[in-house]
Amino acid sequence: MKLVVIGNGMVGHKLLEQLTAQAVPDLEITVLCEESRPAYDRVHLSSYFSGTSAEELSLVTPNFFEQDNLLLKLNTKGVAIDRAARVVVTSNGERVTYDKLVLATGSYPFVPPVPGRDRPGCLVYRTIEDLEAMTDWGKKSKVGVVIGGGLLGLECAKALTDMGLVTHVVEFAPRLMAVQIDDGGGRVLRNKIEALGVTVHTQRNTLEIVDGSGMGIGGRHAMKFADGSQLETDMIVFSAGIRPRDELARVSGLEMGERGGIKVDKNCLTSDANIYAIGECALSGGKIYGLVAPGYEMARVVAQHISGSGAEFNGADMSTKLKLMGVDVASIGDAHAATPGSRCYVFTDERKQIYKKMVTSADGKELIGAVLVGEASEYGTLLQMMLNRMPLPESPEFLILPSSDGLAKPGLGVDALPDSAQICSCNDVSKGALCAAVEGGARTVGELKSCTKAGTSCGGCVALVTQIMKSELKRQGVAVNNHLCEHFAYSRQELYHLVRVHKIRSFRDLVHQHGSGLGCDICKPAVASILASCWNEFVLSKPNAALQDSNDYFLGNIQKDGTYSIIPRIAGGEITPQGLIVIGQVAQKYGLYTKITGGQRIDMFGAQVHQLPAIWRELTDAGFESGHAYGKALRTVKSCVGSTWCRYGMLDSVSMALKIEHRYKGLRSPHKLKSAVSGCTRECAEAQSKDFGVIATEKGWNLYVCGNGGMKPRHAELLAGDLDDETLIRYLDRFLMFYIRTADRLQRTSVWRDNMEGGLDYLKDVIVNDSLGIGAELESEMASIVDSYEDEWKKAIDDPETLKRFRSFVNSDAGDNNVVFVQERGQIRPATADEKKSRFKGIPVVEAEA
């Protein structure tokens with residue numbers, strides 16, 4: 001079967017993912033994409049202005065379009081359909097035949113027919129090219145206006161504020177988000193948006209846009225309103241809603257809706273049995289669905305229909321939960337109480353600027369709608385109650401009222417949800433699918449995300465996903481606890497707080513006060529790490545030295561042949577010629593193998609344990625320190641040469657890398673930490689693949705967090721942008737100490753982030769907005785760690801008791817003659833078992849220096 005898909009937006013690409021996952025036999029797919037790049041995330045377009053690149057917005061996994069049955073044609077628009085011949089004519093004049101055709105042409109931004117709308121600097125907000133045009137205009141503007149106060153309008157307003165413009169929102173309706181929320185919610189939303197520095201103008205009808213440059217008002221444009229007022233601005237962005245891209249279907253004779261949109265049936269088939277329409281161009285049941293989740297559901301229906309199953313699209317719930325300019329906004333079902341006889345419960349907190357409303361049926365037994373503004377933690381509970389027609393508690397008002405003494409806030413019992421309950425609407429994940437994944441072995445939220453995709457799009461369902469996971473584990477008889485091990489009935493996070501609050505400084509005291517037994521290979525290294533993170537005492541000091549694993553015990557990484565590697569710290573990758581000479585001399589003197597590491601350091605391999613102190617002494621005498629390559633600690637901070645040498649460099653990345661590495665060197669954490677600083681967005685230091693990375697921009701530093709390379713690479717995410725040096729370091733102090741406080745044992749920052757309820761938004765609130773009120777405390781704890789730093793190699797060689805452990809044999813100072821090397825490419829390497837046997841047959845080998 002030859003399938004042609006016109007459009008490669010979010011919904012069109014979801015269709016491709018569904019079809020390739022189902023492996024429909026003999027299916028050849030041609031994709032016509034009008035834009036110059038394949039599918040990208042339009043939902044998070046505004047993040048482009050806070051540092052997210054076009055590549056990061058991409059929805060296309062590596063090598064996706066290299067599959068044999070997929071052909072992507074970029075910059076190719078479908079301009080005509082010969083339905084009789086089943087041929088699509090493209091803008092390039094090509095004729096593409098099809099057996100089945102899918103129209104996924106999406107929508108276009110509605111621009112009101114206002115005179116002057118086509119003036120230079122009057123833009124729309126829809127594609128990455130639009131964003132690039134906004135960026136160009138933003139550089140020469142001081143004031144920006146968004147026409148439209150709906151979902152997209154407020155997202156666009158955030159983009160303008162991220163660009164540093166004085167921002168106004170002009171809305172024709174009497175309130176913001178008039179479709180989704182009521183007057184009470186609109187009033188609170190307006191107050192919160194204006195508190196962020198955005199001026200809101202409601203009930204404004206724009207009559208015309210004229211030249212303002214000669215009016216002495218300071219702006220390029222003057223917007224004239226029907227009430228006689230005017231607003232001066234440098235740039236205007238229209239974000240006043242969308243209209244379906246249905247022109248191709250219209251000229252092809254397909255049946256259309258009276259106000260536009262391609263009419264489709266429950267299989268998403270148009271009036272032509274060989275043509276489907278999905279997403280914002282499709283009119284289903286008399287409605288255009290402007291959210292991504294219904295579009296994804298249409299894509300799933302079409303994929304199943306093409307593969308021979310009988311799936312149907314029966315409409316979609318339009319409830320939504322968003323964070324607009326940092327403000328939680330949620331709308332569920334009949335938010336306006338339009339149902340005859342419906343009743344409302346309303347809670348307003350003017351001081352905290354929180355508004356919550358529930359709409360119930362006339363008998364008060366079922367929830368039919370809700371509005372949440374300023375705080376939306378109840379969204380998951382209320383949504384499931386509405387979707388599954390679950391009975392309300394006896395006093396439903398307490399679902400939205402704050403908890404009070406003596407009266408617990410009612411919650412949703414997830415056991416009451418049917419297996420068919422849709423938990424993640426973006427990816428169509430039901431409760432049953434989540435329970436099946438748990439039964440199949442998923443034990444963490446991160447594992448559930450990986451195998452079901454729940455919570456990987458908007459993230460609004462993660463809290464409920466977590467509840468279902470814990471409930472299902474309990475039902476299966478799996479003990480639902482996060483105890484570190486059998487010796488401590490506490491999580492790592494809880495143990496950290498016990499150590500910190502009670503000022504416990506030894507494993508013996510901790511197990512005596514809060515544990516049992518003698519400890520094990522799990523709790524001993526974990527507690528050793530916690531003690532080091534809290535008090536920064538020498539890891540080999542008594543009585544905690546015995547807690548360390550083999551690498552920390554000898555301050556070096558043990559290799560396959562029993563020798564150790566030595567990696568001195570080379571902060572920021574910067575090293576003097578004399579430093580290079582010293583490393584070369586040491587390696588040559590002790591016969592060590594040398595290699596440049598991926599972290600811009602020099603690794604020396606092949607040292608026996610008794611040689612380590614002598615090697616460290618020569619290195620420390622030359623000014624080197626331990627690189628902590630053996631510990632769960634900060635490893636490296638890579639850098640490019642930045643503005644010092646590079647013609648593209650925006651800021652001095654080397655100096656910043658040195659500052660960061662010297663500040664956090666020796667910092668012990670739940671897992672290793674890697675960082676990098678790039679001097680511009682060309683990203684030569686690969687900062688976005690690190691636990692925390694910094695990238696220079698024209699306006700300061702962008703801070704990315706929770707990335708990693710390795711077996712499961714993960715792009716870091718933008719935590720904050722355009723920071724000065726002081727703010728960058730403050731946010732880093734908070735981020736690192738919050739990670740150290742709350743992560744599980746041996747949990748990388750990326751996994752910590754994936755399992756965090758609330759995701760990146762929650763992390764931003766804690767670190768940037770100090771929502772927990774612990775910012776100063778985190779900074780103080782980091783300052784204590786920084787001030788108490790001591791080089792572990794220097795400490796070891798200056799302590800006679802510590803030196804006693806560095807010997808191959810307890811009863812001899814000699815080296816181990818069983819360590820054998822062979823020469824290869826001018827250096828040594830460990831001998832294989834067969835090569836070791838060869839030395840007894842007279843074949844030359846290199847024995848380690850005793």
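The crossing of H12 and H14 is right-handed, a label used when the near helix is turned clockwise from the far one by less than a right angle, with anticlockwise giving left-handed. This is a predicted model, in which local features need pLDDT of at least 70 and side-chain atom pairs count only at pLDDT 80 or more, while totals for chains, interfaces and linings use all residues. Residues are numbered from 1 along each chain as its sequence is written, and side-chain values use heavy atoms, leaving out hydrogens and water.

Let us start with the helices themselves: helices (H or I, at least four residues) and strands (E, at least two) are DSSP runs, numbered from the N terminus. Axes are lines fitted to C-alpha atoms, for helices over the stretch in contact, and angles run from 0 to 180 degrees between N-to-C directions.

| Helix pair | Residues | Axes | Angle |
|---|---|---|---|
| H12 and H14 | 492-502 and 523-535 | within 10 Å | roughly 45 degrees |
| H9 and H10 | 431-439 and 445-452 | 10 Å apart | about 115 degrees |
| H16 and H17 | 577-590 and 612-621 | within 10 Å | roughly 160 degrees |

Angles under 35 degrees count as roughly parallel, over 145 as roughly antiparallel, 65 to 115 as roughly perpendicular and the rest as oblique. H12 and H14 are therefore oblique to each other.

Which residues of H12 and H14 meet? From H12 come Arg492, Leu495, Tyr496, Val499 and Arg500, and from H14 come Ile530, Leu531, Ser533, Cys534 and Trp535; contact here means heavy atoms within 4.5 Å. By class, this contact has seven nonpolar, one polar and two charged residues. In this scheme Ala, Val, Leu, Ile, Met, Phe, Trp, Tyr, Cys and Pro count as nonpolar, Asp, Glu, Lys and Arg as charged, and the others, Gly among them, as polar.

Now for H9 and H10, whose crossing is right-handed. Ala433, Leu434, Ala437 and Val438 of H9 touch Leu448, Cys451 and Thr452 of H10. These residues divide into six nonpolar, one polar and no charged.

The crossing of H16 and H17 is right-handed too. Here Val582, Ile583, Val586, Lys589 and Tyr590 of H16 are in contact with Ala614, Ile615, Glu618 and Leu619 of H17. Seven nonpolar, no polar and two charged residues make up this contact.

**Domains**

Stepping back, the chain is divided into domain 1 (2-108 + 244-306), domain 2 (122-240), domain 3 (492-548) and domain 4 (632-791), with bounds from an automatic or database domain assignment. The C-alpha centres of domain 1 and domain 4 lie 39 Å apart. How many residues of domain 1 are in contact with domain 4? Four residues of domain 1 contact six residues of domain 4. Together the two domains bury about 350 Å², 39% of it on carbon and sulfur atoms; buried area is the accessible area (1.4 Å probe) that two parts lose on being put together, summed over both.
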